[in-house]
Protein chains: 2
Amino acid sequence: KDGKEIWPRGDEKTWKAGIRGIPTSVSDITNAIVYHVQSTLARQAYNLDNMGAYQAVALSVRDDLIVKWNETQMQYTRKQPKRAYYLSLEFLMGRTLDNALLNLGLKQQYKTATHKLGFNLEDLIDSERDAALGNGGLGRLAACYLDSGATMELPLWGYGLRYHYGLFSQHIAPDGSQLEAPDPWLDTDNPWEIPRQDVTYDVRFYGHAERIGNGKAVWTGGQEVLAVAYDVPIPGYSTNTVNNLRLWDAKPKRGFDLNSFNAGDYDRSIQENSSAETLTRVLYPNDNHMLGKELRLKQQAFWCAASLSDIIRRFKQVEKPWAEFSDYVSIQLNDTHPTIAIPELMRILVDEEDVPWADAWDITTKTFFYTNHTVLPEALEKWAVPLIEHVLPRHLQIIYDINMSFLQAVERKWPNDRDRLARMSLIQEGEPKQVRMAFLATIGSTKVNGVAELHSHLVRETILRDFVDFFGKSKFVNVTNGVTPRRWLDQCNPSLSNLITDTIQKPKAVWLKDLTLLKGLEPFAEDPIFRKKWALIKHNNKKHLADYIKTHLGITVNPASLFDIMIKRIHEYKRQSLNLLGIIHRYLTIKAMTAAERKKINPRVVIFGGKAAPGYFMAKLIIRLIVNVARAIDADPDMKDILTVVFVPDYSVSLAEILIPASDVSQHISTAGTEASGTSNMKFCLNGGLLLGTVDGANIEIAEEVDSNNVFFFGHLTDAVEDLRHQHKYHPIAVDERSPALAAVLKEIEGGRFGDASVYQPFVDTIRTGDYYLVTDDFDSYVEANKMVDDAYVKDPEEWTKKTILTVSRMGKFSSDRAIMTYAEEFWNIEQFPIKM
Amino acid sequence: KDGKEIWPRGDEKTWKAGIRGIPTSVSDITNAIVYHVQSTLARQAYNLDNMGAYQAVALSVRDDLIVKWNETQMQYTRKQPKRAYYLSLEFLMGRTLDNALLNLGLKQQYKTATHKLGFNLEDLIDSERDAALGNGGLGRLAACYLDSGATMELPLWGYGLRYHYGLFSQHIAPDGSQLEAPDPWLDTDNPWEIPRQDVTYDVRFYGHAERIGNGKAVWTGGQEVLAVAYDVPIPGYSTNTVNNLRLWDAKPKRGFDLNSFNAGDYDRSIQENSSAETLTRVLYPNDNHMLGKELRLKQQAFWCAASLSDIIRRFKQVEKPWAEFSDYVSIQLNDTHPTIAIPELMRILVDEEDVPWADAWDITTKTFFYTNHTVLPEALEKWAVPLIEHVLPRHLQIIYDINMSFLQAVERKWPNDRDRLARMSLIQEGEPKQVRMAFLATIGSTKVNGVAELHSHLVRETILRDFVDFFGKSKFVNVTNGVTPRRWLDQCNPSLSNLITDTIQKPKAVWLKDLTLLKGLEPFAEDPIFRKKWALIKHNNKKHLADYIKTHLGITVNPASLFDIMIKRIHEYKRQSLNLLGIIHRYLTIKAMTAAERKKINPRVVIFGGKAAPGYFMAKLIIRLIVNVARAIDADPDMKDILTVVFVPDYSVSLAEILIPASDVSQHISTAGTEASGTSNMKFCLNGGLLLGTVDGANIEIAEEVDSNNVFFFGHLTDAVEDLRHQHKYHPIAVDERSPALAAVLKEIEGGRFGDASVYQPFVDTIRTGDYYLVTDDFDSYVEANKMVDDAYVKDPEEWTKKTILTVSRMGKFSSDRAIMTYAEEFWNIEQFPIKM
């Protein structure tokens, strides 16, 4: 039919006359905005505040997105290209308006239009609430990948949960502690989602599973919950593709219990409501720590079941045999969180679709791909067998069946190697027994990858070593993470993006989609006029951040200082502690100086941002100490214009967009071997902030690309970690002996210089005793690295600028476009599918 | 400034260019609909069902309404006419789309537009879900009054609650019983409301009230709940006025408790959510029965507090002294449900605005007006003092203070009349003490009215007799209810409306706003050609109903039969029982006939519709018996085409719109003195259905208007009721003696003819013993009246048609326009305020 359809109903001309294009003239845009003010919001110019104007502008942009969204989805439906689905329990999207305008190429027109209507577009952009449906890197990576998928014109959908409460808002109590407040981000209408009341699936929990032979079973009873789809359009940059992120909301299947209500039992009358709706109530605020909560397991199962039902409904439309399922569908498991999708697909195929077990297993393993995000033992998901049995009785049967066939294969390969069987079993013995989700994800997938070279290496060598032996090396690969240069350069640092465009003489629509073209900057590092422009942009970004800090925190920082930024979840392995102890050391050092000596010092502003999981005592204690050290330094007149420490509360994507372009140096100082990749390291370097870090995660590859001259490395290497920990445990040496500088710092804390010493003693003890994260081992070299930073910054500013230019020019590899194309080509086997309009 | 404002912000021309008018050409309308399909719904012609098309059309009409809504509200704000506010706990709106199209005068254009897009407008209209935010007459009256207020161009707003669940859906179980299912009418998006996230008020419950002298107090602690406004546009018929119905939704003030959640206590984490949201969760399914539930009291207080805060915020914009409050504001209390607004206004004035007590009382009593809706003792609201003390401690203090001043005045007037003081006190002694809300409403209001002549008379003579003595007669008046002829004639019976228009030679825009012009039909009663047209319309309406019954219930009814309809809440006082027992009597009579005799019988279809309150055992039993009698008759081949009984489940406004135009006769047969007015009697007569009724409520005034020749009256009069009840109680006579016909009927029930006799025994016992509603007393005359109906229908069809024409022509008085203008002129002192566009 040549793509042309017979008109479905009514008069084709009448329909077509009403179909909207995307308005591009300023007057059409102002009309569209005024329409939404007047009609959708039922407001008028008289009573319109920034929030109202933001909503009207957002609704207008939403209409624009939907034009392309409709077209994209229709063309996918007609042509049925193979699709990939990215299952992630977190999507840390941040704000949408600015990104949508840039990706649509309409920002200038909307700027003019809003100005004509009496508003400033940047203020409206700032009125938007972040969609904080993620904890940190894993969730933000998912958001970058969706952006790249759409930009690379790939048929890629995301599936997640529509949490009613995003990651908590962080406040700082008077004593410096973190306080958590709920983030009810949906309380105001969210223009960036399309409710799909007609796309719903039933999901079962609990009940009883009865085996009926041939590997099949019947699962009945229990609780049924309704999954309702909400679609979030994901626009590609400068393409017609607008992909979809489908988020599931949980609704009660029957709802309100009128009988209980009439009997006066209000609580009971909404019990099923609550029980269902609680499923998507909250994003679990946790990071790199396994949660053993039933509700979390139910979230995972709910999301996987709804997503698979949706994927299968779509597959059935092409009317192909099940054997071809994986020719139409690839599913990426972002970490082990969606691993329950593996037994769920088996359940659907075997129990509901009558596919023989072996065929079903073949289809399943061809469909899934698994990304590991951590080798930290405390973060590896394990679910208690009794819990799974209670919540998902049929899935437990399937897991046992999968395990049995798998272990039989292991036995055939290595007969009688009982240790190996025990090591590789999906079921970990103990009380209770536990299901090792990473193993299930591994054997259920075609490929398994880590997220940076070192991390992928560690995955192969440590937690999945036996599986590499069994499956062979080719199944275990690496895809180094990336970041989208649209948000993390063009959007957050428009001056730099414009300068780059002018300099490399490529349109943004070209170089922002092929980031290796940044290479074109390299020769200009030698051009002093260019360097001046470059440095001025950094200076202005620092001024912008200084203004933000002044306005929001009342702290004055001097943009002439070196801006040293560390933003990420607060975690012992990330070692904000090391940075903090280094600051105290610097403080003590400066205090010991004469006034003349102090004058020579490179003034530094150290900025922290990040949230601690509410239940993570030590991380919260570290925040408290950071805040109180910052206050002590702020209160000390000797430190004025020499050292300032700022803790920026409520770190978010939007805040990162202000902080990152303003950095001179950023810190990524995890204990070697603990940070899988990191992605903020990439964002900083892409914005001309140099890297101060350990030889860990993607730091290593960044250094490989930008040249290690342009990176400040320090600390022990991964290979040394195990031995050092062994030494700490069995041959401890006192801190005073190993690092007198650090010992002096600890003594100040213990002496009460930053408030009640007893409060911080548990933190100091983690350093003094055990020191699992090797702060004592790395402290001296960390201090040394900081000196090198100071020297480089102060002694030869031109050289520093050169370093930053060279760094940016060599960051091409770290575009998430490169990463997503690797997944597309080497994993999912999907093709670019440009949308014609 | 001549009404012309200085442009508020941005470029005036740009704004004005974008301001939308109301499209009236078919092509503009199709464009608007297609826009909503494509953009708002993100759907396409390919996947659009009737529900989707309905939503798109509704959104387009919503846009049209908002054009006028915006203009109306702006002109009110600019010119500040005195406004009236109608506080009703129920607004039984029914569907909106059809009504909005008719009131905007755009139905024909939308019919053509939807046809061009491949849809049938009537099907789309049928896709809409009823807004069933009311139980029965009281709620529907409120809806009619809003329609009339807008049509009469009065500055009148409604205030109510946004119940998430409307009145339950009624299903019939296999055994014939009523089953109740929740009505989650907001589960699909509701295009007829505008959320106002920016219009919110805090409402307090519980806590502690501390007196601080001068009648003032400070109320602190307890629970605070957020009231959020949702606006429902109320278009006038053929005017520019679009008034507002503001419904309050309850939201938690703080919301989700993250700490509890993190501690794993999910139930507790949403406790405040649930507790707040439960407030507007459900409309209490009850009718003419006082509810003593804490939640109901909280609903009332929440709604009154939010509404008063909103009214006061608006008053403050005019910057006038408090003494002038009632020059800007009148508030009508629809029944006692909003009576707590009286102490609430006192609280705001005295505690928050520092108005001296006496002045505050003066302002308050000038502001409020109270409509009484019942003299049934079981329906008179009384709240236990300890409950009010717990939930609204400050209001209880104020009620006590009001009571004290009031009783002092009584004492001054009638010194030492202690019985009188006890009778008139707001506080009824007992365990527990109770607050008599009708008394509080009476002393807090300027005028008190009943809703029909007889009822107003009974109010003055019975429950408020002492208050008439105290305040004088002029305070206690009558406003007979009315119904809007737009919905209840033009919309539900378009053929009849068109015939009337052609006949009386007045445009609809004239006669539908001045219903006395129906008088012009009277001469045509003598015109046989006109009568033929008239009768044909009735016949077609009956065919339409017959189709509905066939399609939905699978029952065949012959449109040539007499259609006898009784639709209203199921209640003993309304005496569906009498109708039912009469049917059984008719059945037995026919069974006793020869085939030849049966041939002469006027075939009759008796249709029941109505819901019983879920907790009202006897009403539910009556439904069960109706259903089983209907089944027995349906199963009896002797009854074919002679007698059919239909119980139409899930009675609603929309169903009434199908039933009423199809009636030949309708029954309004309450025990004399119990039905305050009735309004369906007016609707039936307006559509040419004759009235079979008791001398009760508005039946009396209808008969006065249409001539009692055209009404079938029967039964004892109000004056006799008290004596009859006394006789029943103290000098009972067996049914067999008093009405052998009825006794025979009861015996059939007890003999198991309609199923297990023991099930129905409690019902039969209410007739045999006590017979509070006088079924035995009225049975014989009821049977006689039915014979007269049959005779009149069969013997002279032309005469019957004349009766129906004369009836319609004389129904002018019963327009709700007349009623609302009485309120406007004689109560509220507000003026018509036409909106210029």
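A salt bridge is a side-chain nitrogen of Lys or Arg within 4 Å of a carboxyl oxygen of Asp or Glu.

This is a predicted model, in which local features need pLDDT of at least 70 and side-chain atom pairs count only at pLDDT 80 or more, while totals for chains, interfaces and linings use all residues. Residues are numbered from 1 along each chain as its sequence is written, chains are lettered from A and ligands numbered from 1 in the order in which they are written, and side-chain values use heavy atoms, with hydrogens and water left out.

**View 1. The two chains and their interface.** Chain B can be laid on chain A with an RMSD of 0.1 Å by a turn of 180 degrees and a shift of 0.1 Å along the axis. The two copies are thus related as by a two-fold rotation axis; the superposition is by least squares on the C-alpha atoms of residues with pLDDT of at least 70 in both. In contact (heavy atoms within 4.5 Å) are 72 residues of chain B and 71 residues of chain A. Of the interface residues of chain B, 99% are also interface residues in chain A, so the copies meet through the same surface. Two salt bridges are counted between the chains. The side chains of A:Arg43 and B:Asp198 form a salt bridge, with N and O 3.6 Å apart.

**View 2. A:Arg569, a buried charge.** A:Arg569 is in the loop between strand E19 (562-567) and helix H25 (576-591) of chain A. Helices (H or I, at least four residues) and strands (E, at least two) are DSSP runs, numbered from the N terminus. A:Arg569 is buried but has no salt bridge, and A:Asp287, the nearest side chain of opposite charge, is 4.6 Å away. Buried means under 20% relative accessible area, exposed over 50%, and partly exposed in between (1.4 Å probe, protein chains only). Lys and Arg count as positive and Asp and Glu as negative, while His and the chain ends are not counted. The side chain of A:Arg569 does make a polar contact with the side chain of A:Asn135, at 2.5 Å. A polar contact is a pair of N or O atoms within 3.5 Å; within protein, one must be able to donate a hydrogen and the other to accept it, and residues adjacent in sequence count only if both atoms are side-chain atoms.

**View 3. B:Asp650 and B:Lys611.** B:Asp650 has a positive phi of about 55 degrees, although it is not a glycine. The side chains of B:Lys611 and B:Asp650 meet in a salt bridge (3.3 Å, N to O). This pair links distant parts of the chain, 39 residues apart: B:Lys611 is in the loop between strand E20 (604-609) and H27, and B:Asp650 in the loop between E21 and H28 of chain B. B:Lys611 is buried at 6% relative accessibility, whereas B:Asp650 is partly exposed at 29%.

**View 4. B:Glu353 and B:Lys316.** The side chains of B:Glu353 and B:Lys316 form a salt bridge (2.7 Å, N to O). B:Glu353 lies in the loop between helix H13 (341-352) and helix H14 (357-367), and B:Lys316 in helix H11 (residues 294-317) of chain B, so the pair ties together parts that are 37 residues apart in sequence.

**View 5. A cis peptide bond.** The peptide bond from A:Glu431 to A:Pro432 is cis, with omega near 0 degrees. A:Pro432 is in the loop between strand E15 (427-428) and strand E16 (434-436) of chain A.
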